[in-house]
Amino acid sequence: MLLTNATIATLRTDETFGLIEAGAVVLDNDRISWVGAKADLPDTYASLPVKDLEGRLVTPALIDCHTHVVFGGNRAAEFEQRLNGATYAEVAKAGGGIVSTVRATRAAKPETLLADALKRVDALISEGITAIEVKSGYGLDQETELKMLRVARQISARRPVDVRTSFLGAHAVPPEFNGHADAYIDTVCIPTLRAAHAEGLVDAVDGFCEGIAFNPDQITRVFDVARELGLPVKLHAEQLSHMGGAQLAARCGALSADHVEYVTEADAQAMAKAGTVAVLLPGAFYTLRETQSPPIEAFRGHRVPMALATDCNPGSSPLTSLLLAMNMGCTLFRLTPLEALLGVTAHAATALGLKDRGRIAPGALADLCVWDVQHPAELAYRIGFNPLHARIFRGQL
C-alpha cells in the first residue's frame, strides 16, 4: 500500500521531528519499505494501491512502555484519604496501597482480570498505541503472579496490540511476610520468576527499589537471577526518595529506570553511560501531588533518552491516556513537544528493547498513526482531545 498526501514526522533524529511535507510512505506487508517526498517516489512503487491521507499528519505509532493494566479492584477510597492529608507511604504502611490491590487481585478470576484489562487497553488503542508493557506485581505469591502474566499474554490474542510482559514480583512485601522481605525474595519472588520464565511468560524483570518496598541488595539478588535466565531488567527507581536504584539500574545495564524524580547528576551520568532510558511517569507525579520533579536538564545534558508512559495502575496513576501523559510531561516537567513525542515512540521502544519501531524509516515495523492535526506539537498541546484518524498496526489500516 502507498500512503500519500501526508505530512510525515519521521523522527529520523532526536534533534527535529524530521518532517516531510507532501510525503509518501510505502508499506510492504508489516514493514516500511520507503518514505520520502511524493515527488521522489521511485517508479517501482507507482502502481501500488493508494491511500490518500488528505494532508493529515503521520507519526510512528505510540508505545506505552510502563503499565500495570492487569489488576483487581480499585483504590478510590485511598485517593480520598490522600486528599484528606495522608501520604502515599502512610497509606501503604496502614495496609493500603499496593497490598490492598494484592488482596483484590488474588481474589479475582482470570476472566475478570482480562475483561477489566481489555477496557483499559481499548482506551489506549483508541489513542494510537500499538505496543504496551504490562507488569505483574499485584499477586506477590506464585499462583497470582503467574495468573497475572497469563492474562497479560492473552491481551494480544484478543486485541491488535503488541504486549511485552515484565515480572514485578519485587513490587512490595506481602502481609504474610511483613518484616521479612529477604525471606519473601528468596522463597517466593525468585522461585516464581523461574517458574514464569519456564512457562514463557516473561520478557523482562522489574523491581521497586524504595523505602516502602525493597533495597538495592534485595533487588540485586532478583536481577542476578534475571541475568542467569537471559532476561533484561528495568527498575522503579528514585520515585519517593534516593535509594541508589538508578545506579543499580545502570550497573545492571537496565533497559530503563522509571519515575526517577530523585535522580542526581551522577545518576544521570551513569544512566547515560549504560544506555538506560529514563521513563518519566507524570500521571503518578500528578496523582500523588509530588513536588520533586525529575532532573530534566541533567538528562538533557548527559543525553539520557527520556520516555513517557501512563503508569496505568489503580493507586498512584489511574491514567489510560498517553496523549494526556504527553501534555503532563510538557506542562509539569517542561519537556518540549518533540521530547514528548520521542518519549512515546522512539525512546519508549528503546525502553522495551524494541529496535524495529518508533521511527519512520525503511525496514521499520509498519506501525503508524494518522492524525487530524497539522503539526506534531498539537499532540502534546491539547488537553482531553483525541485527534486520531487511523491506526496502522503491522501494515494493516
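Hi everyone, a word on conventions before the tour. Since the model is predicted, local features need a pLDDT of at least 70 and side-chain atom pairs count only at pLDDT 80 or more, while totals for chains, interfaces and linings use all residues. Residues are numbered from 1 along each chain as its sequence is written, and side-chain values use heavy atoms, with hydrogens and water left out.

Let's start with the overall fold. The chain has 15 helices and 15 strands; these are DSSP runs numbered from the N terminus, with helices being H or I over at least four residues and strands being E over at least two. Along the principal axes, the C-alpha atoms fill a box of roughly 70 × 40 × 40 Å. The radius of gyration is 21 Å, which agrees with the value near 21 Å for a compact globule of 397 residues. That radius is taken over C-alpha atoms, and the globule rule is 2.2 Å times the number of residues to the power 0.38.

How much of the chain is buried? Buried residues are 58% of the 397, where buried means under 20% relative accessible area, exposed means over 50%, and partly exposed is in between, using a 1.4 Å probe and protein chains only. The accessible surface is about 15,200 Å², and 50% of it belongs to carbon and sulfur atoms; the areas come from the Shrake-Rupley method with a 1.4 Å probe, and for residues only the protein chains shown count as cover. Of the contacts (heavy atoms within 4.5 Å) with a separation of 6 or more, 71% are between residues 24 or more positions apart.

Now for the charges. Side chains of opposite charge can pair when their charged atoms come close. Here a salt bridge is a side-chain nitrogen of Lys or Arg within 4 Å of a carboxyl oxygen of Asp or Glu, and by this rule the count is 26.

Which residue forms a salt bridge with D14? The partner is R359, with the closest N and O atoms 2.8 Å apart. This pair links distant parts of the chain, 345 residues apart: D14 is in the loop between β1 and β2, and R359 in the loop between α14 and β14. D14 is partly exposed at 32% relative accessible area, and R359 is partly exposed at 27%.

Next come R106 and D141, whose side chains meet in a salt bridge at 3.2 Å, N to O. R106 sits in helix α3, and D141 is in the loop between β7 and α5, 35 residues apart. R106 is partly exposed at 28%, and D141 is partly exposed at 22%.

Are K135 and D206 buried or exposed? K135 is buried, with a relative accessible area of 1%, and D206 is buried, also with 1%. Their closest N and O atoms are 2.6 Å apart in a salt bridge. K135 lies in strand β7 and D206 in strand β9, so the pair ties together parts 71 residues apart in sequence.

There is also a network: salt bridges that share partners join D30, R31, D162, R164, D356, R357 and R394.

Last, please look at R82 in helix α1. R82 is buried yet has no salt bridge, and the nearest side chain of opposite charge, E78, is 4.8 Å away. Beyond its neighbours within four places in sequence, R82 is in contact with Y88, V91, T287, L288 and G315.

How values were computed
Lys and Arg count as positive and Asp and Glu as negative; His and the chain ends are not counted.
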